[in-house]
Amino acid sequence: MELAWYALLGLFFATYLVLGGYDYGVGLLLARGATPGARRAALNAVGPFFLGNEVWLVAAVGILFGAFPTLEGELLSGLYPAVLGALAGVVLVTAGVQLRSRPRGGTARAFWDRVVVAGSVLAALGWGALLGGLLQGVPPAGDGHPAGVGHLFTPFVAAAALALLALVAVHGATFLTLRLPVADVPSVARLARGLMPAALTAVATATALGLLSDRVRAAVARPAVAVLLPLALVATLLMARAALRRGRAGLAFAATSVALALPVPLVGAALWPRVLVSTVDPAAAPQLTDAAVLTVADAAASGPTLALLGWLALPLVPALLGFQAMCWWVFRGRTDGRAPVYW
Amino acid sequence: MDPLLLARLQFATTTSIHFLFVVVTLGLVTLLVGLQTAGFVTGKPVYERLTRFWGQLYVLNYVLGIATGIVMEFQFGLNWSGLSRYVGNVFGAPLAIETLVAFFLESTFLGMWIFGWHRLRRGIHLALLWGVALTAYASAFWIMVANAWLQHPVGYEVRDGVAHLTDFGALLTNPTLGFAFGHVVSAGLVTGGMLMAAVSAAHLLRRTPDYALFRKSLRIGLITAALAVTTLQGFGFAQFGPVGKLQPTKFGGGADRDALVADWTTRFGPGDYTPPALSSVGLGFMILIGFTLGCAWFLLPLLWRDWIIRLKFPLWLVLLAVPLPFVAVILGWIAREVGRQPWVAYGLLPTGQAVSPVSPGLMLTSLIGFTLLLGTLAVTNWVLLVRHAARGAHDPALGRPPAPDADHHPHPVFA
Ligand code: HDD
Ligand code: HEM
Ligand code: HEM
């Protein structure tokens, strides 16, 4: 039962990274200094999906609270600065995208576009730091010492945050090759390919720093899985690059989507059966005590709660997926000048 | 600084901002459903124009509902980790249900509704708005289930210091839920109706060329507000029953309170178990506002032969009354939430035990940062709303037909 909920939580968060990831990627690319028309076209490509994308985050946090209440409290408060950053970013992007076209003046619009860029950067860095923070462990819970910021900010977490930023940028550009009118595709495809080396470097750096970090080595229960993550990321990125070169936009988007989804299952598997590890000073305590480890089973809500939510989720999750699929189907294909423009 | 104080301040500010927007959402979406359905049934163009105009304002308002709502949701984990540790098994369930049943679908439907004009068949487009409205009500319901549980914990048993769910049905029949939900929904309708009437009144006072359209929305808004204010008063007074019985410390004294405080003192140790005076101060003002808004009934006869428009001063009254429902909702929530202090979950979990072990500096950063961020966004949003409302109904961006060179036979998907 816990495992099923853990998987569902992973599914929602991974889908959020894929879908929200291209929102933020497209948001980042607004910084390119393109013409107002091009920026609007890019946002319009996201258009009808935008509201449906970020609810995956809302639902993931709902599942976290309902099915893993203990984890919710420990995780969010343990990685406070990362969550704050991500949250501020999500808020800025949400407001910026929807409000940018409401004023009529060009300067106001340019200002909101900058808000969207800043929000996208913050959101990508924040979620990257959160995933890195999971691999590195959080300050010990419940010992009365309030958590500060120093615990989170290590070179490894910074590298993980930058890696997600780079992945999101590649993903956003790839998404545009799939959605923009055919005439605009070559330039975004070139951009996506141009961003690849940056993404590969960022992933490599994060891997190297992770291998060097005592805390990461102490927290990870299955090193083999953890090493698989960067390898798989590199493979998907190379695949996306090859697909872009051949003009196979769908395949390239599938590959970058996998790249954004992968960190979630692999981080989960690398820590399994733990979810959260308290790392204080690994040099002083190389052997983790039981108290320092929160397993999936400990973190889960008790039986009746999970059963109740389970009966509810059984019919509901297919319905949710169905309505999202309806949205993708109705608005499938490339945008053209005639598509309704609202953002 | 005390992290507890900071966390409480942050919760109070973000929820209040959130509620100022969602109360409008709840009211307007109901009115919009009526408008679009009327347009669908009668085929009169005025209803489509009304739907686009009010829909534009609704969607603008919705932006901040989402932005602040997301912050709310994370705040439980960020600042109140004790809440999830001790009562998460019970309190988390309605919140999880809410996100899955309500928000997820609500936003998915709304995205399709915004972009679906001229693209979807009219029936499907209308069904999407119905979906948005039903899920909005569902979200309000489940949030109130969660809140009612904090007011009066039921259906649980404590084992090893942690609350476990035993009876989910008890959460749904919680005596602090029903009247409060009715009261909140009525407050939404009053606020939405007043807003609609006031914006229309402003246009009519400016001698708008769109006379027929704003005359119609003035009437719809005013009648809605008048009907809803009556249920609002009813549910409001009805709440005193369960509150007085179950939360004797909330609004004043009596033997019940002394007995409860004595019981808590033996179980939790001596302490100050009376809520801050703030809680009952606002209550009287809210009730006063409730009766003032009840005067909407006196304006209804003036709808006859449009006397309300010809006399002009009633339009000014409507316009000036707009802030009242917003003040009242905040006062009402302060009464409800501050009144249950010093408990997060009344009689079960003291507020002090629920706060996260986070350094005060970090918490202060978060408080100031999010207050500034959401406050600025809220003010900007209101400015945009006022500007859009003032601009009138000739060509809102929402539902604008595709570019002029577009083909004139849009191919509806699902044809
Ligand atoms: C348009 C806004 C509005 C107006 C005019 C009123 N209320 Fe109200 N009131 C609310 C909006 C509201 C609210 C914001 O929606 C609250 C907060 C919590 C709740 O359930 O509803 C509330 C709470 C609330 C409570 C607290 C319940 C508790 O502590 O659990 C009581 C006793 C009343 N109301 C009673 C009244 C009465 C007798 C009114 C006048 C006739 C009145 N309210 C007018
Ligand atoms: C204090 C606890 C609350 C939490 C955790 C919370 C959470 C949220 C979240 C996450 C959203 C955004 C959903 C999206 O992305 O579409 C939201 C929006 C919304 N909330 Fe809340 N909320 C709270 C209080 C309330 C209350 C008291 C009500 C009403 C009675 C309410 C009604 C709504 C509605 C109707 C929306 C839809 C969006 C909008 O209306 O603008 N919420 N809320
Ligand atoms: C949207 C309307 C709401 C408003 C304006 C509101 C207002 C407040 C205020 C003023 C406080 C601070 C109390 C104090 O410090 O004395 C508070 C605390 C709190 N409220 Fe609400 N509230 C709302 C709805 C809700 C709902 C729906 C929930 C639960 C689902 C909730 C849960 C909490 C919690 C957990 C706290 C923190 C602990 C505490 O100080 O008691 N609130 N709220």
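## Where the two chains meet

Let's start with the contact between the chains: chain A puts in 68 residues and chain B puts in 73. Keep in mind as you look around that this is a predicted model. Between them, chain A and chain B bury about 6400 Å², and 78% of that is on carbon and sulfur atoms.

What about charged partners? The count between chain A and chain B is 1 salt bridge. You can find this salt bridge between the side chains of A:Glu74 and B:Arg85, at 3.4 Å from N to O. As for polar contacts, 10 residue pairs turn up across the interface of chain A and chain B, with both residues at pLDDT 80 or more. On the side of chain A that touches chain B, at least two residues each come from helix H3 (50–67), helix H4 (69–78), helix H5 (80–99), helix H6 (106–136) and helix H14 (303–330) of chain A. Sort the residues of that side by class and you get 45 nonpolar, 16 polar and 7 charged.

## Ligand 1

Now for the ligands. Ligand 1 has 23 residues around it, and the closest are B:His183, B:Lys250, B:Met286, B:Val329 and B:Arg336.

The side chain of B:His183 has an N or O atom 2.8 Å from a nitrogen atom of ligand 1. B:Lys250 has a polar side-chain atom 2.7 Å from an oxygen atom of ligand 1. For B:Arg336, an N or O atom of the side chain sits 2.9 Å from an oxygen atom of ligand 1.

## Ligand 2, between the chains

Which chains does ligand 2 lie between? Look for ligand 2 between chains A and B. There are 23 residues around ligand 2, and the ones that come nearest are B:His18, B:Thr25, B:Gly65, B:Phe103 and B:Ser107. A polar side-chain atom of B:Ser107 is 2.7 Å from an oxygen atom of ligand 2, while a polar side-chain atom of B:His18 is 3.0 Å from a nitrogen atom of the ligand. B:Tyr62 takes part through its backbone: a polar backbone atom there is 3.5 Å from an oxygen atom of ligand 2.

H3 of chain A supplies at least two residues, and so do H1, helix H2 (45–79), H3 and H4 of chain B. The biggest giver is H2 of chain B, with 8 residues. By class, the shell around ligand 2 holds 13 nonpolar, 7 polar and 3 charged residues.

## Ligand 3

Ligand 3 is surrounded by 21 residues, with B:Arg8, B:Asn147, B:Glu337, B:Arg340 and B:Gln341 the closest. An oxygen atom of ligand 3 is 2.7 Å from a polar side-chain atom of B:Arg8. B:Glu337 has a polar side-chain atom 2.6 Å from a nitrogen atom of ligand 3. In the side chain of B:Gln341, an N or O atom is 2.6 Å from an oxygen atom of ligand 3.

Two or more residues of the shell around ligand 3 come from each of helix H1 (3–42), helix H3 (81–116), helix H4 (122–151) and helix H13 (323–338) of chain B. Which of them gives the most? That's H1 of chain B, with 6 residues. The residues of this shell split into 13 nonpolar, 5 polar and 3 charged.

Most residues other than glycine have a negative phi, and most peptide bonds are trans.

B:Pro342 is in the loop between H13 and strand S3 (343–345) of chain B. Then there's B:His118, with a positive phi near 65 degrees. You'll find B:His118 in the loop between H3 and H4 of chain B.

For the complex, the predictor gives an ipTM of 0.89 and a pTM of 0.92. Chain B has a mean pLDDT of 90, and 97% of its residues reach 70 or more.

Conventions:
Residues are numbered from 1 along each chain as its sequence is written. Chains are lettered from A and ligands numbered from 1 in the order in which they are written. Side-chain values use heavy atoms; hydrogens and water are left out. Contact means heavy atoms within 4.5 Å. Buried area is the accessible area (1.4 Å probe) that two parts lose on being put together, summed over both. A salt bridge is a side-chain nitrogen of Lys or Arg within 4 Å of a carboxyl oxygen of Asp or Glu. A polar contact is a pair of N or O atoms within 3.5 Å; within protein, one must be able to donate a hydrogen and the other to accept it, and residues adjacent in sequence count only if both atoms are side-chain atoms. Helices (H or I, at least four residues) and strands (E, at least two) are DSSP runs, numbered from the N terminus. Ala, Val, Leu, Ile, Met, Phe, Trp, Tyr, Cys and Pro count as nonpolar, Asp, Glu, Lys and Arg as charged, and the others, Gly among them, as polar. A residue is near a molecule or strand if one of its heavy atoms lies within 4 Å of it. pLDDT is the predictor's confidence in each residue, from 0 to 100.
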